[in-house]
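Q: I would like to learn how to read a model like this one, feature by feature. Where do we begin?

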Amino acid sequence: MGSSSDWDVMRHAADILTEFGVPFEAKVVSAHRMPDDMFAYAEAARPRGLVAIIAGAGGAAHLPGMLAAKTTVPVLGVPVPSRHLQGVDSLHSIVQMPKGIPVATFAIGTAGAGNAALFAVAMLAQNDARLRDALDAFRARQTEVARNMTQDLSLDPK
């Protein structure tokens, strides 16, 4: 993430990865305040065995795109809400990548962080039966929760 203030959003990705038993690291790597560190992180991503990078950033939100420019490891961008523009600025910064340097872009905020993690799990599950089964079970639980929502809406005969 671009700043420790992004952790309130990005912890939702960490929670999902933890739930699925997927190892991860949470780091602050600011595109603007520590560009050399950011480039070194991106360049070392594949040699260190990273399969995906979930990059959350707010405001100008250059982190996901700059990481993607320096590695071929898939970058999953999460726009972090900003104080004044509620993350629309971040969304535009991340989603408008030039042709040739893709960043998968997710929703603004906590839903985007969670979905980015679930997308990473789905990527890993292509070659991991344990993860595939866990993801199937997760989806089945979501289905049951949604089905039970109708029961919660029934009128109380009082």
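A: We begin with burial: buried means under 20% relative accessible area, exposed means over 50%, and partly exposed lies in between, with a 1.4 Å probe and protein chains only. Helices (H or I, at least four residues) and strands (E, at least two) are DSSP runs, numbered from the N terminus. In helix α5, the buried residues are G112, A113, G114, A116, A117, L118, A120, V121 and A125.

Q: What conventions apply to the model and its numbering?
A: This is a predicted model in which local features need pLDDT of at least 70 and side-chain atom pairs count only at pLDDT 80 or more, while totals for chains, interfaces and linings use all residues. Residues are numbered from 1 along each chain as its sequence is written, and side-chain values use heavy atoms, with hydrogens and water left out.

Q: Which secondary structure elements does the chain have, and in what pattern?
A: The chain has six helices and three strands. Along the sequence they follow the pattern α-α-β-α-β-α-β-α-α.

Q: What are the box and the buried share of the chain?
A: Taken along the principal axes, the C-alpha atoms fill a box of roughly 65 × 40 × 30 Å. The chain has 158 residues, of which 35% count as buried.

Q: How many of the contacts join residues at least 24 apart?
A: Contact means heavy atoms within 4.5 Å. Among contacts between residues at least 6 apart in sequence, 60% join residues at least 24 apart.

Q: How is the span of a helix read, taking α5 as the case?
A: The expected span is 1.5 Å times one less than the number of residues. Helix α5 has 16 residues and reaches 22 Å from its first C-alpha to its last, close to the 22 Å expected.

Q: What describes the packing of two helices?
A: Two packed helices are described by the angle between their axes and by the distance between the axes. Axes are lines fitted to C-alpha atoms, for helices over the stretch in contact, and angles run from 0 to 180 degrees between N-to-C directions. Helix α1 (residues 7–19) and helix α5 (residues 110–125) pack at about 30°, with axes 7 Å apart. Angles under 35 degrees count as roughly parallel, over 145 as roughly antiparallel, 65 to 115 as roughly perpendicular, and the rest as oblique. Helices α1 and α5 are therefore roughly parallel to each other.

Q: What is the handedness of the crossing of α1 and α5, and which residues meet there?
A: A crossing is left-handed if the near helix is turned anticlockwise from the far one by less than a right angle, and right-handed if clockwise. The crossing of α1 and α5 is right-handed. From α1, the residues D8, V9, M10, H12, A13, I16 and L17 meet T110, A113, G114, A117, L118 and V121 of α5. The residues of this contact divide into nine nonpolar, three polar and one charged. In this scheme Ala, Val, Leu, Ile, Met, Phe, Trp, Tyr, Cys and Pro count as nonpolar, Asp, Glu, Lys and Arg as charged, and the others, Gly among them, as polar.

Q: Is I16 buried or exposed?
A: I16, in helix α1, has a relative accessible area of 13% and so is buried. Leaving out residues up to four places away in sequence, I16 touches G114, A117 and L118.

Q: At what angle do α2 and α3 cross?
A: The axes of helix α2 (residues 35–45) and α3 cross at roughly 50° and come within 8 Å. The two helices are therefore oblique to each other, and their crossing is right-handed. M38, F39, Y41, A42 and E43 of α2 make the contact with L63, M66, L67 and K70 of α3. By class, this contact has seven nonpolar, no polar and two charged residues.

Q: Which residues of α3 are buried, and what covers them?
A: They are L63, P64, G65, L67 and A68. Their cover includes α2, β1, β2 and α4.

Q: Where is G77, and what does G77 touch?
A: G77 is in strand β2 and counts as buried, at 0% relative accessibility. Beyond residues up to four places away in sequence, G77 touches A55, P64, I94, V103, A104, T105 and F106.

Q: Which phi values are positive in residues other than glycine?
A: Most residues other than glycine have a negative phi. A61, in the loop between β1 (53–58) and α3 (63–70), has a positive phi of about 50°. A61 also counts as buried, at 4% relative accessibility. Q86, in the loop between β2 (75–80) and α4 (88–95), has a positive phi near 55°.
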